[in-house]
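Here's a quick briefing to read alongside the model. Have the sequence and the 3D view open while you go through it.

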Amino acid sequence: MERANIVIIGAGIVGLSIAAEISKNNESVYILEKNWNFGLETSSHNSGVIHSGIYYPKNSLKSTLSIKGNQLIYDICKNYKIPVRKLGKLIVAKGEDEIKNLDKLMLNGIDNNIEGLKFLDQEDVRRLEPNVVVDKAIYVPSTGIIEPTDLMEYFYSKATKNQVQIAYKTEVTGIKRLDDGYELKGISVGEKFNIQANTVINSAGLFADKIAAMVGLDIDNLGYRLQYYKGDYFRISGPPPVKMLIYPVPNSIGLGIHLTPDLSGSVRIGPNAYPVEKIDYKVESNKKEFIDSVKRFIPSIEKYQIDEDSAGIRPKIKGSSEIFKDFVITHEKNNGLFGYINLVGIESPGLTAAPAIAEYVSEIYENEIKN
Ligand SMILES: Cc1cc2nc3c(=O)[nH]c(=O)nc-3n(C[C@H](O)[C@H](O)[C@H](O)COP(=O)(O)OP(=O)(O)OC[C@H]3O[C@@H](n4cnc5c(N)ncnc54)[C@H](O)[C@@H]3O)c2cc1C
C-alpha cells in the first residue's frame with residue numbers, strides 16, 4: 001500500500017494554498033480531490049473579494065487570518081503579476097438604525113487596526129459614486145477584487161513545483177486511525193484505493209464535517225456540523241452603475257446583498273443567503289429581492305437591468321446565523337488524533353484568508369507534528 005507523509009483532502013483554494021506552503025519544507029505531500037480539477041466548488045462560486053477584515057471580532061481567526069491574507073494576496077499579485085484591483089469599498093447606511101450599526105462597525109474596524117477607514121457623509125459618497133444615495137458610509141481602502149482561479153493557479157503551480165501529487169477523481173469515503181498514522185480509503189477513477197499517511201489535513205469545504213466524522217469525531221459535540229447557506233448572484237447589464245464595491249451594513253447570516261465589480265468592470269449583485277439541504281449551483285431566487293435591496297441605495301436601478309448569474313454555497317457551522325462562529329482550524333491531538341488537522345466552517349473570508357491559513361496550518365505541522 002502506498003504511504004504518504006501528508007495527505008490533504010480537498011483541492012479548493014485552502015487545500016491548494018496549504019499544499020504550496022507545507023511542501024516548501026516537506027516531501028511526500030498528496031492532495032486527494034473528488035472532482036476532475038481543482039477549485040470547482042466554493043472556491044469558484046464566490047464574490048472574488050479580498051476582504052479587509054473589518055467585520056470580525058478582534059483576535060478571532062477570521063479577523064487575524066483575513067487581515068494577514070489581504071496583505072499576502074496583494075504581495076503575491078505584485079510579485080507574480082496576477083491581475084488584481086484594490087478598488088476600495090463603501091459600507092453604506094440609511095436611517096438611524098443602520099447608522100448606529102455602521103458606527104459600531106467602525107469601532108470594530110479601528111479595534112482590528114484596519115488601515116485607512118474613513119466616515120463619509122452623503123455628499124462625499126455622491127462625489128465618489130454619483131448613483132449611490134445614502135446617509136453615511138465607511139470607506140474601506142484595502143478591499144479589492146481578484147479572479148479566484150488566478151490565485152488557485154498560483155498555489156497549484158507552487159505546489160506542483162514542490163512535487164506535490166494531486167489525485168483527481170479521488171473521493172475519500174473512510175479514514176481509520178492506525179498505530180502510526182491513518183489509512184484513507186475511497187474510490188479513485190472508478191477503482192477502490194487505500195493510502196496510508198502520517199498526517200491528514202481535512203480541507204474538504206462543504207464536506208469537512210463528514211470527513212471529520214469519518215475518523216470518529218463527534219461532530220455535534222465538537223460543534224463541527226455544517227449547515228449550507230446558498231447565495232445567488234445577478235449581473236447588471238449595460239454601463240456599470242458603480243466603480244467601487246458597495247455593501248450594506250451586514251446582517252447576521254451574510255454580508256447583505258452587495259455590488260461587486262469584477263476585473264472587467266462588469267458588476268454582480270449578491271449573494272443573498274438561504275438555507276439549503278443539497279448542493280447545486282442553480283440560481284433559485286427571484287429578481288425582486290435583489291432589486292428591492294439594491295434600490296435602497298441605488299434608486300435608479302431597474303429590474304430589466306439585471307439577469308441571473310451564478311450561485312455559491314456557504315459551509316456555515318450550525319448555529320452561526322444566531323451567534324458568531326469562528327473558523328475551526330485545529331490539530332485534534334486532544335481528541336486522540338495526533339497528526340490529524342481539521343479545517344471546518346471555512347466560509348467567507350476564506351478566500352482572502354487562504355494564504356494566511358496555509359501559514360497557520362504549516363506552523364501547527366512544524367511545531368506540533370513533525371518530529
Ligand atoms: C457565495 C459565497 C461568496 C463568497 N465570497 C467570498 C469573498 O468574496 N471573499 C472571500 O474571502 N471569501 C468568500 N467566500 C468564501 C470562500 O469562497 C471560501 O471560504 C473558500 O473558497 C473555501 O475554500 P475551501 O478550499 O475550504 O473549500 P472548497 O473550494 O469547497 O474546496 C473543498 C474541496 O474538497 C473537495 N472534497 C470534498 N469532499 C471530498 C472527499 N470526500 N474526497 C476528496 N475531495 C473532497 C471538494 O470537491 C472541493 O474541491 C464566499 C463563499 C460563498 C459561498
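Quick bit of bookkeeping: helices (H or I, at least four residues) and strands (E, at least two) are DSSP runs, numbered from the N terminus. This is a predicted model, so to speak of local features we need pLDDT of at least 70, side-chain atom pairs count only at pLDDT 80 or more, and totals for chains, interfaces and linings use all residues. Residue numbers start from 1 along each chain as its sequence is written.

**Overall build**
- The protein has 8 helices and 20 strands.
- Its radius of gyration is 21 Å, close to the 21 Å that the globule rule gives for 371 residues, so the protein is as compact as a globular protein of that length. (The radius is taken over C-alpha atoms, and the rule is 2.2 Å times the number of residues to the power 0.38.)
- Along its principal axes, the C-alpha trace spans about 65 × 45 × 40 Å.
- Buried residues account for 47% of the 371 residues; buried is 20 or more other C-beta atoms within 10 Å of a residue's own, exposed is 12 or fewer, partly exposed is in between, and C-beta atoms are placed from the backbone.
- Take the contacts between residues at least 6 apart in sequence: 72% of them join residues at least 24 apart. A contact here is two C-beta atoms, placed from the backbone, within 7 Å.

**Domains**
- The domain assignment gives domain 1 (2-45 + 149-225 + 324-369) and domain 2 (89-141 + 226-317); such bounds come from an automatic or database assignment.
- The C-alpha centres of domain 1 and domain 2 lie 31 Å apart.
- Where the two touch, domain 1 puts in 13 residues and domain 2 puts in 12 residues.
- The side of domain 1 that touches domain 2 has 4 nonpolar, 5 polar and 4 charged residues. Ala, Val, Leu, Ile, Met, Phe, Trp, Tyr, Cys and Pro count as nonpolar, Asp, Glu, Lys and Arg as charged, and the others, Gly among them, as polar.

**Ligand shell**
- The ligand is surrounded by 42 residues, and the closest are Gly10, Gly12, Gly205, Gly312 and Gly350. To be near, a residue needs its C-beta atom, placed from the backbone, within 6 Å of the molecule.
- α1 (13-22), β10 (170-178), β18 (306-317) and α8 (350-369) each supply at least two residues of that shell.
- Domain 1 and domain 2 each give the shell at least three residues.
- By class, the shell has 17 nonpolar, 19 polar and 6 charged residues.

**Strand pairing**
- An open sheet of 3 strands runs in the order β3-β8-β4, with antiparallel pairing; its edge strands, β3 (49-50) and β4 (84-85), each pair on one side only. Pairing takes at least two DSSP bridges between two strands.
- In β8, Gly144 is the bridge partner of Ile50.
- β15 (residues 258-261) and β16 pair in the antiparallel sense over 4 bridges, and Thr260 has Arg268 in β16 as its bridge partner.
- β15 and β16 form a hairpin with 5 residues between them, and Gly265 in the turn has a positive phi of about 100°.
- β13 (residues 226-236) and β16 (residues 267-270) pair in the antiparallel sense over 2 bridges, with Arg235 opposite Arg268.

**Around Ile253**
- Ile253 sits in the loop between β14 (245-248) and β15.
- Ile253 is partly exposed, with 17 other C-beta atoms within 10 Å.
- Leaving aside neighbours within four places in sequence, Ile253 is in contact with Tyr229, Ala273 and Ser321.
- Ile253 and Ser321 are 68 residues apart in sequence, yet 4.8 Å apart in space, C-alpha to C-alpha.
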